[in-house]
Structure formats: structure tokens, C-alpha cells
Amino acid sequence: MTAKEVLKYAEENKARMVDLKFLDFIGIWQHFTIPISQLEEETFEEGLGFDGSSIRGWQPIHASDMLVVPDPATAVMDPFTETPTLSVICNIVDPITKEPYSRDPRGIAQKAEAYLKSTGIGDIAYFGPEPEFFILDDVRFSQGADHGFYFVDSVEGIWNSGRDECPNLGYKPRHKEGYFPVPPTDSFQDLRTEMCLVMEQVGIEVECQHHEVATAGQGEIDMKFDSLVKMGDKLMWYKYIIKNVARRWNKTVTFMPKPVFGDNGTGMHTHQSIWKEGKPLFAGDGYGGMSETAMYYIGGILKHARTLNAFCNPSTNSYKRLVPGFEAPINLAYSSRNRSAAVRIPMYSPSPKAKRIEVRFPDPSCNGYLAFAAMLMAGLDGIQNKIDPGEPLDKDIYGLTPEELAKVPSAAGSLEEALCALKEDHEFLLKGDVFTQDVIDTWIEYKTVNEVNEIKLRPTPYEFALYFDC
């Protein structure tokens, strides 16, 4: 839509308020709301002011003024507000220079798309993430000088099989057996369906929904692929909708990679491909039906995987999922069907249009705009430098001998390792001014100071079980 069309759309839908949404540096949607009378065509050019010093990882207090500029193409009616409210995603602009703000994640994603076109390699990159999540009934956590604990609960949790629920009906998925029995064992069919229907209201095309492997309400809803920036927008709507629909049912949702001990963590396998002039560039007659371009793209992903972990697995909790010896895609290899490899080539369809790669190590704690942009830049670096991904790994990785496994490199083992990799290997991200040096430095500093170091300082409950009697 154009600015004029947005105003007409708002009038047709009797909008009385306008909600302006944008993403902070770390990956959480922020917003403020204005009456519809304050939205004019000029607003889509001139923007509206806000305090950038109050947003994580952004401006210092002495240079806090920033502008949000609504993108008319993103306008929809918010499906949750009681008062009819137009919702618009915004870009961030410097009020003095009028230049896009370098730390705006959506702006970084836009620059990545522009860089792809400038290389002449392709004109569009498609992304299809598969974010998983847990639907929970109760979440409590606290940390102080004298205590530290977390507690999560779900009516589906197998640990509640002996609880008096007046009555307990017994249908609770066992550990690693949630993929995917029918109701009544899957008790969230209707809840996930409602999530799908609300997604469709805001223009998200849903492909399927289902229970996932873990007990305790793990689920997945798959969206149809879209271009990089549009999928970044859809991922934010996805999280917003799932959390708010769950709240309607008096449930809560988390996208934490590992909220439940002893069962599968939560990933975000990300399908991706490059097209040019309407033709898929990843289809060919090579391994898995892939082209040479696709193999070089895989080479770039594998070469820079530990750096990508800093954006694709950006929480300390991410590495509770990416643990050696379990069903986690930490092994930096590729395969046509082996789901234990970091990169998989899906074999569902022989159609050239379906040819894509699936990067399996990302998780949904990430900032989608940054994660998608970083993966695209790594893949493009592979194409530009003709990086050979090596031989495919079609064996069962968990059946390899220690000698064979030693030859397969691994993803980062902690957020600290990933940030060190980012510090040493980020030149490919700076091409086209997509990620600036300031963005790289600020990401490393923020994550180190506010997450890595803070976790280091705090004892955990299990440390008491291990060491109290030492």
C-alpha cells in the first residue's frame, strides 16, 4: 500500500488508533500508539520522534532523539486490540542526517537485500524459518543474593502423570514422543489452529501446524517462505500472535531454546534459496539435485558457522540445546537427508522451485532480521569465493567413531565462543556496509556485559546438588 492507500484502509476499517512497531537491537518488538487523527501522508516521510536512549543497545543519553518512519507496505489491523487499531512496522532514521540508523535490525536486513542485488548473483533471497515454541501453564523464576530458581509447568508435562488433577486423565506426551500423536494426547490442537487463523488475518500464509517432539506443549507452526525483510516482519508477527493467542487461553509461550531439562530443545530450522529473474539458482544436477552456486553457498555457511552462531544462537540458553552427543545440529557438515547435519538439503520434491538448503542450528531466540541477513552474507561470501563445502556426511553422525567424528568441525559451544568467533571473523558481514563495525562491536559488548558475564556471576541450583557437600 501507499501512504494514501493506508489512510483509506484505516478509514474503511474504522481505525481509531495507530500502533507503531519497531524492533530493538536485541530482537524484541517495541511500540507506541497515536490517535488516527495524528497520522497523515507526510508521517510516512517525516516520521515521528522518540527517545532512542531508552532502547537496548541504541543511543547514549546525549544523542537520544530518533525518528520512527512507518512503512506503508506493512499496514494491517491489529488482531488483539479492543479499540480498532492500525498497526504499522517502522524503520528507524537519524533525525539530523535523515539517514537510516545503522543499528536498526530492519535496516540491516534491507541493506542485505540491496547488497544481494548489487552483486549480480541474484535479485531475491527467500527465507522459510520453522520456529518452535513451548506452551506452558505456569512460569516462575527469581534470582537474588540468597536464592535462585526457575519453575515451569504444563498440563501436558509427563512429570504430572501422577498429579491429582481431579481427575488426571493421563494423556501426556512422554519425553521425546510428542511428534505427533492425535488428540487427546495432543491437547493443543485447537489453540494452535486459532494461532494459524489469526496469522492469516495479518497476511501470513500458514503451511501447517503440529505438536513437536518434546513433552509439555512443544509446538510448531510453519509459514510459507518469503523474501528476507518480509520474513523478518512475519517472524515478529508470528511471535506476537502466538504469545497473545496463548494469553487468551490463560497460557503462556516461550521461544527459549531450552526451557525444559531432559527433552528436545526449541530450534528454528531456516530454509533459504536465491533466485534471479524468476529462476531458482539452487537447482542443478549436482549432489542432492543442487547447483554449483548452492554448494558454494553451503560452503560459506559452514565456513562462517561459528560466527553465525553469535546472531543465530544469541542467548546463553541457546547452548543448552547445542550440546555434543545429543540430537543437536552442531556438526558443521551437510547432507541430503541427514537431520543431524548443520545444513540439510530437503528431498521432499524434485521441482527446481523447491530446491533450497535448510540451516538447522538457528533458534527462535534470535533477532530474525540480523540472523537472516548474516546467513545471506555468509552464503554470498561462499559464492563469491567459491568455497568448497567438502564431502557430504550421509552417515549417522552419532554412529561415527571418535576418529571419524574428530574430523567434523563443530559449532560454537557457548555464547562466549560465538562472540569470540564474531570478533575474529566478520569481514564478510561488512561488505556493502550491511553490518557496520559499530554494529559488530556493540553486539559483542552488549551480549558480553549483559548476558555472558551476568550468567558467570550467578550460581545455579544444580551446582548446589553437585558441590554443596564438597
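The crossing of α7 and α11 is left-handed, a term for a near helix turned anticlockwise from the far one by less than a right angle, with right-handed for clockwise. The axes of α7 (residues 305-312) and α11 come within 7 Å and cross at roughly 120 degrees. Axes here are lines fitted to C-alpha atoms, for helices over the stretch in contact, and angles run from 0 to 180 degrees between N-to-C directions. From α7, R306, T307, N309, A310 and F311 make the contact, and from α11, E417, A418, L419, A421 and L422; contact means heavy atoms within 4.5 Å. Sorted by class, the contact of α7 with α11 has six nonpolar, two polar and two charged residues. Ala, Val, Leu, Ile, Met, Phe, Trp, Tyr, Cys and Pro count as nonpolar, Asp, Glu, Lys and Arg as charged, and the others, Gly among them, as polar.

The model is predicted: local features need pLDDT of at least 70, side-chain atom pairs count only at pLDDT 80 or more, and totals for chains, interfaces and linings use all residues. Residues are numbered from 1 along each chain as its sequence is written, and side-chain values use heavy atoms, with hydrogens and water left out. Helices (H or I, at least four residues) and strands (E, at least two) are DSSP runs, numbered from the N terminus.

Helix α7 is largely enclosed by the rest of the structure, because seven of its eight residues are buried. Buried means under 20% relative accessible area, exposed over 50%, and partly exposed in between (1.4 Å probe, protein chains only). The buried residues of α7 are A305, T307, L308, N309, A310, F311 and C312.

**Helix α11 with α13**

Helix α11 (residues 415-424) also packs with α13 (residues 437-457): their axes come within 10 Å and cross at roughly 160 degrees. The two helices are therefore roughly antiparallel to each other. On this scale, angles under 35 degrees count as roughly parallel, over 145 as roughly antiparallel, 65 to 115 as roughly perpendicular and the rest as oblique. The crossing of α11 and α13 is left-handed. On the α11 side the contact involves L415, E416, L419, L422 and K423, which meet I440, W443, I444, K447, T448, E451, V452 and K456 in α13. By class, this contact of α11 with α13 has seven nonpolar, one polar and five charged residues.

**Cysteines**

Zero disulfides are found in a search of the whole structure, a disulfide being a pair of cysteine sulfur atoms within 2.5 Å. C312 is in no disulfide, and its nearest cysteine sulfur, that of C366, is 6.3 Å away. C312 is buried, with a relative accessible area of 0%. For C420, likewise in no disulfide, the nearest cysteine sulfur is that of C312, 17 Å away. C420 is partly exposed, with a relative accessible area of 46%.

**Backbone geometry in loops**

A cis peptide bond joins C166 and P167, with omega about 0 degrees. P167 lies in the loop between β9 (148-153) and α4 (189-201). The peptide bond from Y179 to F180 is cis too, with omega near -25 degrees, and F180 lies in the loop between β9 and α4.

Positive phi values occur in N250 and K386, neither of them a glycine.

Q218 is found in strand β11 (residues 218-223) and is buried, with a relative accessible area of 1%. Not counting residues up to four places away in sequence, Q218 touches E132, F133, F134, H211, E212, V213, N264, G265 and T266. Of these, T266 is 48 residues from Q218 in sequence and 8.0 Å from it in space, C-alpha to C-alpha.

T74 lies in the loop between β4 (65-70) and β5 (76-77). At 10% relative accessibility, T74 counts as buried. Leaving out residues up to four places away in sequence, T74 touches S87, V88, I89, R106 and D233.
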